[in-house]
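Here are my notes on this model. Please read them alongside the coordinates.

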Amino acid sequence: MPDAPLNQQVITVCYLDRFGRRRELPVEQAAQVPFEQLAPLQMPVPYPGRQSFVTKAWASATGQSLACGSLRQQRCGMLLDRDPAVAARSAGPMELHWTQDGCTQSLRPDFVASRAARREVICVAPEELTDRWHAGQDMLARAATVAGWRVRVMRPPDGVELDNLMLLYAARSPQRLASDDAEALAPPLHFPTHHPLRGTRRGPAHVCGRGPGLSPDLETAAAHRHDQAPDTVIDGMAAGGRMTAPHDEVPDGAVRDGADTLALGDTITFSGARWLVTAFHGPRVFLTAPGDTTAEPLIILQPVLTSAKDFAVLNRAAPRTVVTHRGHELKALPAALRREVTRWERIVKEVLHQQAPNVPATTRPKPAFDPELHPLKQRYRTKAVQLTEAGWPTSPATIERKCLAWRKEGLLGLIDRRGQRAASAHGRVDQRVIDLVWEILDGERDQGLSPGTLSRLIGRVQQTVRARYTRELADADAATVAALLPSPATYYRLLQRLGITAHNAHAAAARRAAGPPLSTLRPGSRRATTARWPGELVQIDTTGLDVLVIGDDGQIISVELTIAIDVATRSIVGALIVPKRFRRGAGAGRWLGGRATRSFDTVQVVAQSTAPLPVRPGWSPETFMDGSDLPFEELLAADERFAGAAARPVIKPETLVVDHGSPFVSADFTRSCNSLGIEVREARLRTPVDKAIVERAMLAIKTGFSQHLASYTHHRLDLRGKHVRKQPLWTIAQLQDLFEQWVALRWQQTPHGALRSPFTPGLKLTPNQMYAALISLRGYRATALTESENRKLLPTVWARINRKGFQINNRTYNLDKGALDPFRGSSGLAAFQGRWEVHYSPNQPEVAWLFNHRAAPDSDPWVEVPFIHRRILHDRWTEESWEQGLQVHLAAGGHRHDEAAIARATHRLLSKAAKGPRPDDAPTASARSLPAPRRRPAAPKEHYAAGMPPLDPESVRPFRRLDRPAAELFTSGEPVKDSGQSVDAFLASLPELNPPADGENGYNDQQGKNR
């Protein structure tokens, strides 16, 4: 290898090694790198509006498809595939980098191939040769001189040559060619038309010289595609039953067409010459001419060699076709089926002139089955008659079906599948009934109805069947009626097999709507959500953390957690804890407002994924990225923000999966994600399996983090502790800091069951280890946001500006000395009624930013506008603190528009919360825990005693006394007799119960009048 200087220019070669890691070496050290065996450095990406798009070029030498970035590259790849001297090749496996005039230049060759034991770097000439392209070719030539490469510039074919090439490629590609056609077209397609194969001893007809048509061999093969006559066979028989290659064309004692097994040292005949098999390399066979040791060996695919018309093994009798890769399936069959398969194999091979087992291949066929004497249909009929006379009634159609199955699947095609049919999992119930069950359940879910009992479901299914299949039921037999209208007991057994109960009917329908199961043994399992590289798919969700904390106002509240988790690495790339507060009014069930996760909070979680997590004072040394499994040195060289960062990767989402919660479907959240180039994808309604990874991560957080806190409440009220509120409580800021430390220390460094390497499937990886393994696929690019981009992510308010400024949530913002006077008019945005765009942070609302759409391109469009009463609030305050101060001010009888008084109330509230509770203060219950006051009944408009005479105590008659002791009232031993006494006589006989005499105005008299 020459060692010449490159005019003081350093050229490096960038590539992906066999483990997918990105490498960059000087060109002097890259001479021995097998680029033709490596993967592309970067897969081609289609760009809208450009002519380049992703195509594929089939490589028969390797059995793979090469991804090309344009049609010109694909056509050159087809030409390379037809060159027998090319052993292996790869599309775009490397890229050259050098510096010129202070700028970094790059060049990526289209192909790297191994041609005649030498590495060849191939570039496809563009349609227009520019100075930049010539400069890149000069630099490539210099690098090739040092590395010992051969540089080649290819031009794609055009005209008639291109038409023939496309026809050959369409017939040659295994994705477009049937197996029988491949055998017929393989010999004429393998060799190039413009290069003879080892002199003039072999080589097919010249294709391109026939104009727009094909060669005679291709025309004959194309005539047999898809429309063969009944008396034609694909394996070399022409119409009329005659062989295309007569027996006298093959030497006596040779193994004729059909043998597909070779061994080292075999002497074969191929393309009119004799060859010696010298080596095997995968699917390729190395052939040399006997006695010629100076010529290069011929390398050819074994299927192409053995399917040629004149191929034959000359030195031995080779065995016939055997299904080797699926032999275990044949061994698993019962002995009776294996004997039947062996019997059918002898019959089929005899009919198709495939000699029976243990019979030399050179033996002439029987006269009744000689292809030179009888067509294929006649042989079918002859064999059927022989089997029928032998006591095995068989039709010619059965013989034909077995022969076709043997050609397609080998021995496994001869198996009688009737004995292997498994019983239906649903019995004899019609499949349409099962579809109706799921249809009704899906309809209930879509309409938002509540699930009922199984009897209601069965009744609705029966009604639908009778209404939809009325005519079919009227003319059907008993079996069809039983299949469409089974008995109730059959219905219950069917629902049990489907996994439907009265409690999970809608849940079972949702699981089925999510997709088919991965395994029939586990009906609950669903298709896994997969991602190929970090950031390709990120899921975000919010849930309660089941923990009590101290809020900003000193009250005990619950909190919510929002996380974003990367699917490829299972890394938590963003997390935020916010308070969850409820407030009630005077009446029970009346909500005045509350605080929970908002769209601004979800935007903060997304923004966290674009920046490293800094290590805070007091954190464990094990949380540092330096010393973890992450590639710290490489990331630090790419982004200086990783200095002092925690062991949590930075993964910018490409696609974000959200549910239908109001924070995620809001306009602010969608606008912020679109500004960052993130696609927002909504999950299906009532289908939690679309976000199964983040849902399961929430459960793992509760079991691994929340339950170890003293203020853990549990998600079930009956299991909640009685003295949780008396335990030591964290503030929201302290809990956020504690959770981020737990993520870096525990979550990111714990092996995950879903993270495994394909090379070591028994070894579980941590999220950091998986990120280190996958980051080489896409690389890392710093995504630091500018100050203007960060402000665009803040919540937006469209406000009108007057001489007093503008208002945001009952707060006035203004500048001194009339600085906002230029903005007092209309903004010119008709869609927003002339209002101006204003952004503010709910966490720091003392300042708002006005965006000037009319600003000059070279000037700052942002105008910082402060809150007019910001000097009253000395401590840091938030939007929630302002709302708490407003509630305190209104409770004291204040007015909503008195901003200065609200600011002072907020200041007192923050000062009290900063001092903490005093020893003599009783614990304050939250507003949610206080019972709602009972509403007193309203007083009647008119008094109930209106119009009644005044009460005279002397006229009140005392109640009578008993004439006997109370203990003797019900202990009389006298028997009960029916004396026939009337009710009036009985009442008159009671002592002191006689009605008063006439003229007495007593209590009874007044009561009687009232009656």
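1. Start with the sheet. In this predicted model, five strands form an open sheet, ordered S14-S13-S12-S11-S15. The pairing is antiparallel. Strand S14 (298-301) and strand S15 (312-313) are the edge strands, and each pairs on one side only.

2. Next, the link between S13 and S14. These two strands run antiparallel and are joined by four bridges. Phe-286 has Ile-299 in S14 as its bridge partner. As background, strands of a sheet pair through backbone hydrogen bonds, either parallel or antiparallel.

3. Now Thr-288. Where does this residue sit? Thr-288 lies in strand S13, which covers residues 284-288. Is Thr-288 buried or exposed? Its relative accessible area is 18%, so Thr-288 counts as buried, the cut-off being under 20%.

4. Which residues does Thr-288 touch, leaving aside those up to four places away in sequence? Thr-288 touches Trp-275, Leu-276, Thr-278 and Pro-297.

5. Confidence needs a comment. The protein chain has an average pLDDT of 76, and 73% of the residues score at least 70. Over residues 1-7 the pLDDT is below 50. Beyond near neighbours in sequence, the model gives this stretch 13 contacts.

6. Over residues 517-526, pLDDT stays under 50. The model has 15 contacts for residues 517-526 beyond four places in sequence. Where pLDDT is low, the predicted coordinates should not be read in detail.

Terms used: Residues are numbered from 1 along each chain as its sequence is written. This is a predicted model: local features need pLDDT of at least 70, side-chain atom pairs count only at pLDDT 80 or more; totals for chains, interfaces and linings use all residues. Side-chain values use heavy atoms; hydrogens and water are left out. Buried means under 20% relative accessible area, exposed over 50%, partly exposed in between (1.4 Å probe, protein chains only). Contact means heavy atoms within 4.5 Å. pLDDT is the predictor's confidence in each residue, from 0 to 100. Two strands pair if DSSP finds at least two bridges between them.
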